[in-house]
Amino acid sequence: MIMGTLQYAPRYSGLGSGVQSALEFLISQDLTQLSPNRYAIDGDRVFSIVEEISTVPHSARLFEAHRNYIDLHMTLSGEEWYGYAPINNMKQVKEYNPEEDTRLYGGEGVYFRVPDGQFVLFFPEDSHKPGITFDVPGIIRKVIVKIGIEPDKRENA
């Protein structure tokens, strides 16, 4: 997991062309003007999803992890908390779903809120629990960028 600031986006170019494309997209857009939708950045290899959702209590959601994509999350408005734990510290509770590229986990993690103007990257080994609250549920507006992992760098588990 990496938390970063768009101001320093060029420093993350070493993470690959997909991460670089994702960050360039976020910098080049007026994110406040994007309506909820899917936006192609590089076909199915890198794309973003802008959504407006209601947060849920942290106990109502399981941790998730992906095999084929890195997730970049950036909350645009509202208060969103995240949970994080390495998948090796978690118990898988639902088998991998290839259509959703998701595995679900139970267990304990750490919780944090990403400040405005910052993003968080979750890699396949990072289970994460987005869209949660420790207070009253509320509406958030966020962008998620899905960054495809090269087939030879994917895990097999």
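Biologist: What share of contacts between residues at least 6 apart in sequence join residues at least 24 apart?
Modeller: 78% of them do. Contact means heavy atoms within 4.5 Å. This is a predicted model, where local features need pLDDT of at least 70, side-chain atom pairs count only at pLDDT 80 or more, and totals for chains, interfaces and linings use all residues. Residues are numbered from 1 along each chain as its sequence is written, and side-chain values use heavy atoms, without hydrogens or water.

Biologist: How many helices and strands?
Modeller: One helix and 13 strands. Those are DSSP runs, numbered from the N terminus: helices are H or I with at least four residues, strands E with at least two.

Biologist: New topic. What is the phi of Asp 101?
Modeller: Near 50°, a positive value in a residue other than glycine. Most residues other than glycine have a negative phi.

Biologist: Where does Asp 101 sit?
Modeller: In the loop between strand 8 (91-97) and strand 9 (102-106).

Biologist: Is Asp 101 buried or exposed?
Modeller: Asp 101 counts as buried, because its relative accessibility is 5%.

Definitions and conventions
Buried < 20%, exposed > 50% of the residue type's maximum accessible area, 1.4 Å probe, protein only.
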